[in-house]
Every structure is written in C-alpha cells, then in structure tokens.
Amino acid sequence: MLLSNGSDLRADRVGGFGVNCSFYFKIGACRHGDRCSRLHNKPTFSQTVVLLNLYRNPQNTAQTADGSHCHVSDVEVQEHYDNFFEEVFTELQEKYGEIEEMNVCDNLGDHLVGNVYVKFRREEDAERAVAELNNRWFNGQAVHAELSPVTDFRESCCRQYEMGECTRGGFCNFMHLRPISRNLRRQLYGQGPKHRSPPRSQTHHRPQERNRRRSPDHRHGRF
C-alpha cells in the first residue's frame, strides 16, 4: 500500500536500511533523493524512460526584464504545453519506437518537476532511447534520461488531484499528471496499427479547447 503523507513516510523510514523505497518503486522518484534511508533500485530493463526536469511551465518561469513575475494566461500555457508534448512524443516515437503512453508531471517538488515519463511498447526501444538521449540537448538544456520502474501510472498518480481535491498542491509527493487537449489526444493516440486507450493524464476535461496550429515558430527544440 502506498504511503499517503509525509508523516507515514518518516515512520516508514525508521530502521529502513536494506529495504526498498516504496516511493521510488511506485513513482520513480523520492523527495529524499540520495539521502533516503531506503534503497532506490534502478531497473536494468523497463518499458518506461523518464526525462528528468524536461518540461518548463511558463507560468513558473516567466519573468520580465526587471525580475518581476510575468503573467501567462491558462490558454497560453495549454498551447505551450500541447506544442511541447506533441514535439517530444512525435520525435521519440519516430526515432525509437511505438509509444504506449506519455505523461508529464505538473508537480513543483525538485524530484518531480517537469519529469516526462515515456512508456514504449518494447523494452529494447526504451533502452536505446536512454543510451542516445543522454548525449542530446533539448531547448537549451542537456537531457538526463534513465529507465524508470514506473509502468502502471494508476499507482503513481494522485487520486485527489484528479478530482481537484489535493490539498498539498504542487508539492504533493504523488504525480500530478498534466493533461493535453482533446484534439491532440485524438491526433496522437487515435492513430497506429493498434487501438490504444489514452493514458490517465489525458482523460481530464479541459474547460477551454482551441484549434491547434503548427508552425516552425511553435517548436521548442530538437533532440
């Protein structure tokens, strides 16, 4: 059973040497990092690749020249996110193999912020992606890719967030998976030789929809 809050985690860590970390096993990340008293056993094979801290939410990073915060509307953020998601999904699938599911964390904690989880259909495609992506740059930053133990995102995401009831906000220790627009979901997951159900992060209802438009100006960066 997953730990539900910070106090449970602290209690569970007492005398925890030699025991696997539940958070790392279920979520692929732990807020304690290398300081965790439990084991973070990184997989030697997996269908899932995590690209650490790759997505940057413009609402969290936008600043004016004088250092003050610059307002970015929800519509602009969704357009920015959809363009990012489409670019990464399309390029990784074209280069490495069929993607079953891709999810992006909207958390603010250092160990989860901007993490992109890509679940390939084949383990060998994920292994090749990790080997090649760690030599690449994207949008001006070095890519840090590794295999992740997460394969079932139903066990790693925050149920309260999905219902709009999470009281911990962006610093929740469970995944807050940011949804893409319905149009993009149909475009990416409605094609291919086999029907694939959309991942959990793409099943939310978005209050505002828009017509997607693509141009070179919207591209974030190439791997």
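Begin by selecting Val49, Leu51, Phe85, Met102 and Val116, which touch the most other members of the largest nonpolar core, a set of 31 residues. Such a core joins buried Ala, Val, Leu, Ile, Met, Phe, Trp, Tyr and Cys residues through side-chain atoms within 4.5 Å; buried means under 20% relative accessible area, with a 1.4 Å probe and protein chains only. Next, colour the elements that each supply at least two residues of this core, among them strand S1, helix H4 (74-96) and strand S2 (99-104). Helices (H or I, at least four residues) and strands (E, at least two) are DSSP runs, numbered from the N terminus. H4 provides the largest share, eight residues. Then select Cys21, Phe23, Phe153 and Cys158, which belong to a second, separate core of 19 residues.

This is a predicted model, in which local features need pLDDT of at least 70 and side-chain atom pairs count only at pLDDT 80 or more, whereas totals for chains, interfaces and linings use all residues. Residues are numbered from 1 along each chain as its sequence is written, and side-chain values use heavy atoms, without hydrogens and water.

Move to Asn57, in the loop between S1 (48-51) and helix H3 (58-61). Is Asn57 buried or exposed? Asn57 counts as buried because its relative accessibility is 8%. The Asn57 side chain reaches the backbone nitrogen of Gln59 at 2.9 Å.

Finally, select residues 20-43 and 152-179, which an unreviewed UniProt entry annotates as "domain: C3H1-type"; such annotations may be inferred rather than shown by experiment. Residues 20-43 are 25% helix and 0% strand, and residues 152-179 are 14% helix and 0% strand.

Notes: Buried < 20%, exposed > 50% of the residue type's maximum accessible area, 1.4 Å probe, protein only. Polar contact = N/O pair within 3.5 Å; in protein donor to acceptor, adjacent residues only side chain to side chain.
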